[in-house]
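Reader: I'm new to reading protein structures. Could you walk me through how the parts of this one meet?

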Amino acid sequence: MARAFLIVLDSAGCGGAPDAADFFNGDLPDTGANTLGHIIERVGLNVPHMDALGLGAAIRLSTDIATPGLAAEPNARWGVVREISIGKDTPSGHWELAGLPVPFEWTYFPETVPAFPDKITAALCKAAGTDGILCNAHSNGIKVIDEFGEEHLKTGWPICYTSADSVLQIAAHEEVFGRERLMQMCADVAPLLHEMRVGRVIARPFIGTERADFERTQYRKDYAIKPPEPVLTNWVQAAGGKVHGVGKIGDIFSMSGIDTSVKGADVDLMSALNDLAESADAGDFVFANLVEFDTNYGHRRDVAGYGAALERFDVWLGQFLPRLRKGDLLILTADHGNDPSWVGTDHTREQVPVLVHGAGSGEIGICGFSDVAASIAEHLGIAERGAGRSFL
């Protein structure tokens, strides 16, 4: 009985989404956004192992952008997958990759000040035990700490903000406010937000003594809506296999169908994947999300940093592939785009590459996100296929 590994390179899109004009960064539609393509154009990309799996070919299939330096003849199955869920966020992408297109529309907060209705603000104050909150607007994780961190240290009020995603984020100092207090606050307000179909409440702890040295820590935690129907993780468990979540997978699925979970920086997660290549049993499913492409480089619009991170991953991949056993399936893909050359700081609506090691070679064309789950299910001998069709 074989094993399956699904590694999501968070935000590594390749342009070409047919509905990109319906999604925006500020007033500009995402038409023409291309995370990987524009990185190649701006700084080049040296990723021979991913290219051998079909990365360059997938980018060219998705759009007509050139891929100098990525011209390998793929030795794996490769193609592009397209999302149908009405969102360009983490839960939408991961639920659909796991076989369940989001069956409803998420709730988003308006770009007003304040952004949150009074009942949410009151719930946040009650959960924090404070007379108020800071920010209460659209922002991003770095900017909001720069702007409100010192006031937070003086008042003790949590920093509460949102973005173009269906999300409420709460930043607080690990020591002054308290990490456990922050986590409890998020857990207390999450049911109200989930009832409103807001996808996630995210705890964003940080450290430092003043604006110049504020820094977010690795203890982020997402309190996400549980998928309303069984997904790939549940199918694997029902078939007798174990599911190992690496990165924020456990948070994304509210631990539904997850047997083990490991979190940390991406370098630690890649080490955990090395360990799982040795220890995971036949029939097991390893589901990983490497988030730093998105958080450290996409949202910060750091083209060179994003490219360098992809090249570091590719070096690791060259060492990881020989660890896989005969019969193992490895799929590399992404959950959405986050073009570091684009305007704004939000995700971009894009198709994403799908690179498949362990299932022969050849083009699979343009498929759906849900086809990833169906393919993994087929590989593991699971009858459930969800909304997708296998491309194996």
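This is a predicted model: local features need pLDDT of at least 70, side-chain atom pairs count only at pLDDT 80 or more; totals for chains, interfaces and linings use all residues.

Reader: What makes up domain 1 and domain 2 here?

Author: Domain 1 covers 4–100 + 227–380, and domain 2 covers 118–224. Their centres, taken over C-alpha atoms, are 28 Å apart. At the contact, domain 1 brings 16 residues and domain 2 brings 13 residues.

Reader: Why is the pair Asp251 and Lys221 called a salt bridge?

Author: The rule asks for a side-chain nitrogen of Lys or Arg within 4 Å of a carboxyl oxygen of Asp or Glu. Asp251 and Lys221 have N to O at 3.3 Å, so the pair passes and counts as a salt bridge. The count between domain 1 and domain 2 is one salt bridge.

Reader: Which elements give two or more residues to the side of domain 1 that touches domain 2?

Author: Those are α4 (90–97) and α9 (249–252). By class, that side of domain 1 has seven charged, six polar and three nonpolar residues.

Reader: How many residue pairs are in polar contact between the domains?

Author: Five, with both residues at pLDDT 80 or more. As for area, about 1,100 Å² is buried between domain 1 and domain 2, and carbon and sulfur atoms give 44% of that.

Reader: What does UniProt list for residues 3–382?

Author: An unreviewed UniProt entry lists them as "domain: Metalloenzyme". Over residues 3–382, the chain is 37% helix and 20% strand, and the end C-alpha atoms lie 12 Å apart.

Conventions
Residues are numbered from 1 along each chain as its sequence is written. Side-chain values use heavy atoms; hydrogens and water are left out. Domain bounds come from an automatic or database domain assignment. Contact means heavy atoms within 4.5 Å. Buried area is the accessible area (1.4 Å probe) that two parts lose on being put together, summed over both. A polar contact is a pair of N or O atoms within 3.5 Å; within protein, one must be able to donate a hydrogen and the other to accept it, and residues adjacent in sequence count only if both atoms are side-chain atoms. Helices (H or I, at least four residues) and strands (E, at least two) are DSSP runs, numbered from the N terminus. Ala, Val, Leu, Ile, Met, Phe, Trp, Tyr, Cys and Pro count as nonpolar, Asp, Glu, Lys and Arg as charged, and the others, Gly among them, as polar. UniProt positions are given in the numbering used here, feature names are shortened, and annotations may be inferred rather than shown by experiment.
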